Amino acid sequence: MTFRSRPIPPGVLTVAAVTFTVCAWASAFVSIRSAGAAYSPGALALGRLLAASLVLGVLLLVRRQGLPPRGAWGGILVSGVVWFCGYTVALNWGERLVDAGTASLLVNTGPILMALLAARLLGEALPPRLLAGMAVSFAGAVVVGLSMSSGDGGSASLLGVLLCLLAAVAYATGVIAQKPALSYGTPLQITAYSCMTGAAVCLPFTGRLLDELPRAPLSATLNMVYLGVVPTALAFTTWTYALARMAAGRLGATTYAVPAVVVLLSWALLGEVPAWLTLLGGALCLAGVAVSRYAPRGPRPPRSLRAPADGTPLAPTKGTRA
């Protein structure tokens, strides 16, 4: 008896890509918090992007994928500068001032900004529930900011909140820039050249990286390499794979699970648990995102128009096509 292997359905591959991306990005918040104790924000960003560029360059050679078409370069450059460089530096800096769970809660306001930009630039719908969700999430961000700014060193913590919100803006902007580019190049091409662009923009931090590298503990350096290989090189590739097959706003909704995973990882690995007021603000942030993506079910069709349970197609009625 011979068994024929069936190809994996595209929908399953897309779900697998999204799941891997969410888990990898959640682990990145914990690794950044750990490596950030030894590396400054710019140096950590450069080391991460250099490691990712090396892995992605090898993948380009193995897959024999050269330069993407000219039409993709606008999105690649914007994504590389704003997302790969700007987001990474802002988040690295922010996580020096707030814990990993709080950072992930704030960055997760990105999907709302993403939906706004998608509506403006890509023509996706902008329903009233999205505006309501934005208001709820903004209130949550204010609560998180107040909770982090209370007590000693409050101004530094408030700066961390603002940096994480800036990272969310960069994240949303980068995704919207990537979406049109994917109609010209492959997910691997878009990811690789965006990452290389980000690494090039971070080159001014080379001196700082070379100065900190010999003095950093091995665990911090390994975390930096891990950030480049898994959450960047691999997870950004799986993200762009899914982005080429899903609407930007819908895909952004899948990242809602990231903060919950981050809080669990940071509690298990770093011993960090956000304060109750911070969790309340984060819950408001996520509630706003949930409100913005809620889609009520439409009315069910009349019984005469429902398909039989045995799968027999309906007979065409007047005014319809078979």
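Glu212 and Arg208 sit four residues apart in helix 9 (residues 206–212), so about one helical turn separates them. Helices here are DSSP runs of H or I with at least four residues, strands are runs of E with at least two, and both are numbered from the N terminus. This is a predicted model, where local features need pLDDT of at least 70 and side-chain atom pairs count only at pLDDT 80 or more, while totals for chains, interfaces and linings use all residues. Residues are numbered from 1 along each chain as its sequence is written, and side-chain values use heavy atoms, with hydrogens and water left out.

**Overall layout**
- The protein chain has 13 helices and zero strands.
- Of its 322 residues, 48% count as buried (under 20% relative accessible area; exposed is over 50%, partly exposed in between, with a 1.4 Å probe and protein chains only).
- Take contacts (heavy atoms within 4.5 Å) between residues at least 6 apart in sequence: 88% of them join residues at least 24 apart.

**Salt bridges**
- Searching the whole structure turns up two salt bridges, each being a side-chain nitrogen of Lys or Arg within 4 Å of a carboxyl oxygen of Asp or Glu.
- Glu212 pairs with Arg208, with the closest N and O atoms 4.0 Å apart.
- Glu212 is buried at 9% relative accessibility, whereas Arg208 is partly exposed at 47%.
- Arg215 and Asp211 make a salt bridge at 2.8 Å, N to O.
- Here Arg215 is exposed at 58% relative accessibility, and Asp211 is partly exposed at 44%.

**Helix 2 against helix 8**
- The axes of helix 2 (residues 41–63) and helix 8 (residues 187–201) come within 9 Å and cross at roughly 145 degrees; axes are lines fitted to C-alpha atoms over the stretch in contact, and angles run from 0 to 180 degrees between N-to-C directions.
- The crossing is left-handed, meaning the near helix is turned anticlockwise from the far one by less than a right angle.
- On the helix 2 side the contact includes Leu46, Leu49 and Arg63, and on the helix 8 side it includes Leu188, Tyr193 and Met196.
- By class, this contact has 13 nonpolar, five polar and one charged residues (nonpolar: Ala, Val, Leu, Ile, Met, Phe, Trp, Tyr, Cys and Pro; charged: Asp, Glu, Lys and Arg; polar: the others, Gly among them).

**Helix 8 itself**
- Helix 8 is mostly covered, with twelve of its 15 residues buried, among them Pro187, Tyr193 and Cys195.
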